[in-house]
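Dear colleague,

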Amino acid sequence: MASHQIEVLTQALARLPGLGPRSARRAVLHLMKKREAALEPLLAALQAVSETLSTCTTCGNVDTSDPCTICRDPRREDKMLCVVEEVADLWALDRSRLFPGRYHVLGGRLSALEGVRPEDLTIDRLIRRLSAGGIDEVVLAMNATLEGQTTAHYLAERLENFPIRITQLAHGLPVGGELDYLDEGTLAQALRARRPVA
């Protein structure tokens, strides 16, 4: 049996996404076994992030500075703005290195069942950013869920009076996907978004 402190650490790790009790126990054993190589650097990194963690007041990203690294990057295209639901979506898109512009995190998505209304999201901050000018295109990068698409539709209506191009991420067949393994919603979206063969 482990001491109370080790058990508390195991339970704390088990609450992290992707880790259950067994994975957390293995992680704790690894950290204890490799104290100098793993545990102490992890503690130092957690302490450093804990002391400097902040939410970017410009885009809503989570970083150790405000404005965040992305908002301060002079190589970014200021005329393009990608709107995402959560910080995890921003990180996933930015990891691809395919979008050269800036981001805006809504902090969720509209959901009548969960009681999330437009005023619960950072839509007003988005409107202020667009009102300041300098943005030519807004990419609505909502998740392909009913709530995500409802949010995208609502935003498109709110933004239609701005002199900007409003686009949305394409949905449909994944690269390497076989039709037999795809769900009906993905197939339906792929059929609706079909285009001529060049």
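Helix 5 supplies the largest share of the lining of the largest pocket, four residues, where helices (H or I, at least four residues) and strands (E, at least two) are DSSP runs numbered from the N terminus. A pocket here is an open set of points on a 1 Å grid over the protein atoms alone, where a 1.4 Å probe fits, with protein on both sides within 12 Å along at least five of seven lines, and lining residues have an atom within 4 Å of a point.

This is a predicted model, in which local features need pLDDT of at least 70 and side-chain atom pairs count only at pLDDT 80 or more, while totals for chains, interfaces and linings use all residues. Residues are numbered from 1 along each chain as its sequence is written, and side-chain values use heavy atoms, with hydrogens and water left out.

The largest pocket holds about 310 Å³ of space, and of its 14 lining residues Ile70, Asp73, Arg76, Asp94 and Arg97 lie nearest its centre. The second largest pocket, of about 200 Å³, has a lining that includes His171, Gln189 and Arg194.

Best regards

Terms used. Grid points are joined across faces, edges and corners, and a volume is the space filled by probe spheres set on the points.
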